[in-house]
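Keep the sequence and the 3D view open while reading.

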Amino acid sequence: MSWDVLKPDINRRFIKFKDKSFYWKVKYYLSRPQYRTLFYYRCSISFKAKYFRVFFRKLYQINSEKFGLEIITHKMGGGVIMPHFGRIVINAEEVGNNLYIFHNVTIGNDYKTGRPTIGNNVFVGVNSVIIGKIAIGDNVVVAASSCVINNIPPNSLVAGNPAKVIKKINSDYITNMLGY
Ligand SMILES: CC(C)(COP(=O)(O)OP(=O)(O)OC[C@H]1O[C@@H](n2cnc3c(N)ncnc32)[C@H](O)[C@@H]1OP(=O)(O)O)[C@@H](O)C(=O)NCCC(=O)NCCS
């Protein structure tokens with residue numbers, strides 16, 4: 001099991017709760033539907049034993065259907081934050097570390113070129129779409145309700161449909177915005 005990504009997932013979620021025990025964090029983490037679904041997904045692709053993979057796949061499917069979170073991305077770094085649940089599709093070639101993704105977001109195939117590759121420290125605002133075989137660089141903010149169909153260079157804030165770079169941002173822009 002890939003604890004190397006589960007641990008950063010949990011640590012980032014509870015970065016402001018450093019005094020709490022790891023047990024408390026895991027219990028609270030799994031009580032939230034979006035994180036539980038992510039956890040089952042990670043288990044369903046990580047365990048070596050096929051029996052466990054099938055078991056967690058079933059749990060993932062039940063939760064995925066119930067809470068509207070679909071993940072079809074084997075290479076996904078740790079530190080994923082999903083403040084809310086409801087219609088999130090993550091269908092990418094690869095996602096880096098510290099993805100921050102709101103609800104009603106689709107990352108997926110444009111049925112022309114393929115699926116996106118998402119860098120590290122990417123923030124995706126509510127109601128956004130990122131489609132096609134494009135590369136989203138590190139430290140990118142996708143503003144709410146954007147439709148991203150072109151490559152985005154690192155350290156950029158993009159908005160609109162089709163999304164365009166509105167301004168260049170520092171590598172600590174997202175940390176400053178979130179407060180962690
Ligand atoms: C992008 C965002 C982070 C603001 O960043 P910011 O650095 O404060 O940017 P500003 O507000 O200074 O805006 C910069 C420019 O982008 C534009 N802009 C900001 N958000 C935009 C959006 N969602 N769509 C289109 N343009 C947008 C602003 O109008 C401004 O344009 P101007 O320079 O012509 O006046 C914020 O607007 C956003 O979309 N946050 C996501 C929040 C979210 O998803 N919340 C879900 C809660 S459940």
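## A hairpin and its parallel neighbour

Strand β12 pairs with strand β13 (residues 164-168) in the antiparallel sense, over four bridges. Helices and strands are DSSP runs numbered from the N terminus, a helix being H or I with at least four residues and a strand E with at least two. Two strands count as paired if DSSP finds at least two bridges between them. The two strands make a hairpin with four residues between them, and Gly160 in the turn has a positive phi of about 100 degrees. Leu157 has Lys167 as its bridge partner in β13.

β12 (residues 156-159) also pairs with β10 (residues 140-142), here in the parallel sense over three bridges. Val141 has Leu157 as its bridge partner in β12.

The model is a predicted one, in which local features need pLDDT of at least 70 and side-chain atom pairs count only at pLDDT 80 or more, while totals for chains, interfaces and linings use all residues. Residue numbers start from 1 along each chain as its sequence is written.

## Two open sheets

Strands of a sheet pair through backbone hydrogen bonds, either parallel or antiparallel. Five strands form an open sheet with parallel pairing, in the order β1-β2-β5-β8-β11. Its edge strands are β1 and β11 (147-148), each of which pairs on one side only. β1 and β2 run parallel and are joined by three bridges; in β2, Ile71 has Ile90 as its bridge partner.

Another open sheet has three strands in the order β3-β6-β9, with parallel pairing. β3 (94-95) and β9 (135-136) are at the edges with a single partner strand each, so one side of each has no neighbour in the sheet. Strand β6 (residues 117-118) is joined to β9 by two bridges, and Ile118 stands opposite Ile136 in β9.

## Helix α4

Helix α4 (residues 50-67) has 18 residues, which should span 26 Å at 1.5 Å a residue; the end C-alpha atoms are 25 Å apart, which agrees. The expected span is 1.5 Å times one less than the number of residues. After α4 comes Gly68, with a positive phi near 70 degrees.

Which residues of α4 are buried? They are Phe56, Tyr60 and Asn63. These cover an arc of only 70 degrees around the axis, which puts them on the same side of α4; the arc is that of the directions from the helix axis to the C-beta atoms. A residue is buried if 20 or more other C-beta atoms lie within 10 Å of its own, exposed if 12 or fewer, and partly exposed in between, with C-beta atoms placed from the backbone. The face turned away from the buried side carries exposed residues, including Lys50, Lys58 and Glu65. The cover over the buried residues of α4 includes α3 (33-46).

## The nonpolar core

The largest nonpolar core has 37 residues, and those with the most contacts inside it are Val124, Ile130, Val142 and Val148. Such a core is a set of buried Ala, Val, Leu, Ile, Met, Phe, Trp, Tyr and Cys residues joined through C-beta atoms within 7 Å. α3 gives the most to this core, with five residues.

## Arg87 in its loop

Arg87 lies in the loop between β1 (69-71) and β2 (88-90). Is Arg87 buried or partly exposed? Arg87 is partly exposed, because 13 other C-beta atoms lie within 10 Å. Leaving aside neighbours within four places in sequence, Arg87 is in contact (C-beta atoms, placed from the backbone, within 7 Å) with Gly68, His103 and Asn104.

Note on methods. Contact = placed C-beta atoms within 7 Å.
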